[in-house]
Amino acid sequence: MRRTTTWGAVVATVALATFGVSCSTGSGTDTPSGGPTVANQVDSSAPTAELSAPPVPTATPVEKVRDAFAGLQATLNESCTPDSCAYFLDRVLDELHRLDGAMKASEKGPSHFAEPIRLIEELDTEVGSDESFGNLKKHQTALMTTRSKINTWMQGHPADYR
C-alpha cells in the first residue's frame, strides 16, 4: 500500500511542535534569585534557525505618466450608455486623478505638467467632494471636456508618454 504525506500536515506538525517548545520554556524567573533556570539558558554552541520576515517595501512604486495616460486614453472609446454610465463617469474621474498623481510624482516635476494639473484642479473644484453618480452626471460635460483637453495637451507632448 502506498503511503502519502501531505506537506500541510508536516508543516502543521512542525509549527505545533515549535509552538509547544516556546510555550513551555517558562518566564525566566523560576529560580529564587530571579535568574533564568537552566532549562531556559541557550546553548551558544547549538545551531539556531533564524526565521527572517519577508522584506517590507519602503515606498510605493511611482506610476509612470505614460501608464496613467494610457488608462485615460482607454476611456476615449467608451461613452455614457444607460447600462454603464455610472461606471464610465467614475472611471474617467479615477483615470484623471491617476494621471494627476503620476504627473505630480514625475521626475520632470509638476511644473512640467502645469496645464493638465490645473485642468484637473479646476474640474475638482467644480465637481467638489461629491463623487456620486448624480453629481458626476451633472458635471459630465466638464469631465469630458477636461479629458479631451488633457488628451490634446498630451498629444502635443509625445515625449511624455512614449
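This is a predicted model: local features need pLDDT of at least 70, side-chain atom pairs count only at pLDDT 80 or more; totals for chains, interfaces and linings use all residues.
Visitor: Is Thr146 buried or exposed?

Guide: Buried means under 20% relative accessible area. Thr146 has 8% relative accessibility, so the residue counts as buried.

Visitor: Which residues does Thr146 touch, not counting those up to four places away in sequence?

Guide: Close sequence neighbours are set aside here.

Visitor: Where is Asn151, and is Asn151 buried or exposed?

Guide: Asn151 sits in helix α6. Away from its neighbours up to four places off in sequence, Asn151 touches Phe69, Gln73 and Leu76. The cut-off for buried is under 20%. At 16% relative accessibility, Asn151 therefore counts as buried.

Visitor: Which residues is Asp124 in contact with, leaving aside neighbours within four places in sequence?

Guide: Start with a distance. Asp124 and Leu143 are 19 residues apart along the chain, and their C-alpha atoms are separated by 9.5 Å. For contacts, leave aside the neighbours within four places in sequence; Asp124 then has Leu93 and His97.

Visitor: What share of the protein chain is buried?

Guide: The protein chain has 162 residues. Among its contacts with a separation of 6 or more, 62% join residues 24 or more positions apart. Buried residues make up 27% of the chain.

Visitor: Which element gives the most to the largest nonpolar core?

Guide: This core has 27 residues, and Leu96, Leu99, Leu143, Ile150 and Met154 touch the most other members. At least two residues each come from α2, α3, α4 and α6. The top giver, with nine residues, is α3.

Visitor: What does Ile150 touch, not counting residues up to four places away in sequence?

Guide: Ile150 is one of the core residues that touch the most other members. Beyond those up to four places away in sequence, Ile150 touches Leu72, Leu96, Leu99, Pro116, Leu119 and Ile120.

Visitor: How many aromatic pairs does the structure hold, and is the pair of Phe113 and Trp153 stacked, tilted or edge-to-face?

Guide: There is one aromatic pair. The ring centres of Phe113 and Trp153 are 6.0 Å apart. Planes under 30 degrees apart count as stacked, and over 60 as edge-to-face. The planes here stand at 55°, so the pair is tilted.

Visitor: Which parts does this pair tie together?

Guide: Phe113 and Trp153 are both buried. They join parts 40 residues apart in sequence. Those parts are the loop between α3 and α4, which holds Phe113, and helix α6, which holds Trp153.

Visitor: What is the volume of the largest pocket, and which elements give two or more residues to its lining?

Guide: The volume is about 280 Å³. Of the 15 lining residues, the closest to the centre are Lys64, Val65, Ser106, Glu107 and Asp160. The elements that give two or more are α2 and α3.

Visitor: How many residues of each class line the largest pocket?

Guide: Sort the lining into nonpolar, polar and charged.

Note on methods:
Residues are numbered from 1 along each chain as its sequence is written. Side-chain values use heavy atoms; hydrogens and water are left out. On a 1 Å grid over the protein atoms alone, a cavity is a set of points where a 1.4 Å probe fits but cannot get out, and a pocket is an open set with protein on both sides within 12 Å along at least five of seven lines; lining residues have an atom within 4 Å of a point. Grid points are joined across faces, edges and corners, and a volume is the space filled by probe spheres set on the points. Helices (H or I, at least four residues) and strands (E, at least two) are DSSP runs, numbered from the N terminus. Ala, Val, Leu, Ile, Met, Phe, Trp, Tyr, Cys and Pro count as nonpolar, Asp, Glu, Lys and Arg as charged, and the others, Gly among them, as polar. A nonpolar core is a set of buried Ala, Val, Leu, Ile, Met, Phe, Trp, Tyr and Cys residues joined through side-chain atoms within 4.5 Å. Buried means under 20% relative accessible area, exposed over 50%, partly exposed in between (1.4 Å probe, protein chains only). Contact means heavy atoms within 4.5 Å. Rings of Phe, Tyr and Trp (its six-membered ring) pair if their centres lie within 6.5 Å; planes under 30 degrees apart count as stacked, over 60 as edge-to-face and the rest as tilted.
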